[in-house]
Amino acid sequence: MSETTTMSQRPAAPFQTESFRLTRPQIVGPETPEPPFPIRLGGPVQRGFGRGGKDLGCPTANLPDESIETISSIAKTGVYYGYAQVLCPKKGNELSEEDLKVHPMAMSLGWNPFYKNERMTAEIHIMHEFEADFYEYDMRVVVLGYIRPELDYTSREALIEDIEIDKNVAQRSLDRPEYRKFSSDKHFVLN
Ligand code: ADP
Ligand code: MG
């Protein structure tokens, strides 16, 4: 992709079909993260559009628009994997100590219909059962690899099935030494 290509000219990743779905690999990406990864993102968690998310058994926390400018200018739409951490706010913390640790995550980067598909949105599912919602809490994210392009869903069942596969692929892909290292990246707040 040339440097001069603007976001609006950039095509979304191609939609894939059933045959792709049936042959999905269980581990993706090289043994060591390669550029543009790691990509570090962060900011207060925003309210989404209330579509999908919890209804699909997969809540996704949204990062603020300005925090994803870098990634949306270099990365294609689709699903990514990495680590995320929710930070403890100064007051009103309803989360447990476990909730505030670094956890594996799967992120969907997609064109946002709310902005007539002129902007991207990053939605992050953290692979951990939280005690409570964490809207407005600061979230730190390290993106380490790409899982797949957006898929063209014919059914809700197929979508849910793919989300489950994504979580598995993310877990397995992160469970390699050069990826695990990033769970203690300097971007996170560690004790
Ligand atoms: P929204 O449309 O507001 O994004 P969702 O149904 O996607 O609604 O739920 C997202 C919210 O759920 C997050 O902002 C966060 O506060 C909460 N949440 C609870 N558990 C998780 C989790 N494991 N990963 C991401 N968000 C979670
Ligand atoms: Mg969401």
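These legends accompany close-up views of a predicted model.

View 1. The shell around ligand 1 holds 19 residues. Those that come nearest are G48, G50, I126, F134 and Y135.

**View 2. Polar contacts between ligand 1 and the backbone.** An oxygen atom of ligand 1 lies 2.8 Å from a polar backbone atom of G48. A nitrogen atom of the ligand is 2.8 Å from a polar backbone atom of I126. At H128, a polar backbone atom is 3.1 Å from a nitrogen atom of ligand 1. On its own, ligand 1 has 570 Å² of accessible area, and the protein covers 93% of that area.

**View 3. The pocket and strands around ligand 1.** Ligand 1 sits in the second largest pocket. Which strands each supply at least two residues of the shell? They are β2, residues 61-62, and β5, residues 120-126. Strand β5 gives the most to the shell, with three residues.

**View 4. The magnesium ion, ligand 2.** Which protein donors does the magnesium ion have? They are T60 (O) and T60 (OG1). These donors lie 2.3 Å from the ion. Residue T60 belongs to the loop between β1 and β2. Strand β1 covers residues 39-44. Water is not among the atoms, so the site may look incomplete.

View 5. Most peptide bonds are trans. Here, the bond from P35 to P36 is cis, with omega near 10°. The bond from F37 to P38 is cis as well, with omega near 0°. Where does P36 lie? Its place is in the loop between α1, residues 18-22, and β1. P38 is also found in the loop between α1 and β1.

**View 6. The backbone at E136.** Most residues other than glycine have a negative phi. What is phi at E136? It is near 75°, a positive value in a residue other than glycine. E136 is found in the loop between β5 and β6. Strand β6 runs over residues 138-148. Strand β5, at one end of this loop, also supplies residues to the shell around ligand 1.

Methods: Residues numbered from 1 in each chain as written. Chains lettered and ligands numbered in written order. Predicted model: local features only at pLDDT ≥ 70, side-chain atom pairs only at ≥ 80, totals over all residues. Heavy atoms only, no water. Near = heavy atom within 4 Å. Polar contact = N/O pair within 3.5 Å; in protein donor to acceptor, adjacent residues only side chain to side chain. Areas by Shrake-Rupley, 256 points an atom, 1.4 Å probe, with all protein chains shown as cover. 1 Å grid on protein atoms, 1.4 Å probe; cavity = no way out; pocket = protein on both sides within 12 Å on 5 of 7 lines; lining within 4 Å. Sits in = over half its atoms within 2 Å of the grid points. Helix = DSSP H or I, 4+ residues; strand = E, 2+ residues; numbered from the N terminus. Donors = N, O, S within 2.8 Å, 3.2 Å for Na, K, Ca; no water.
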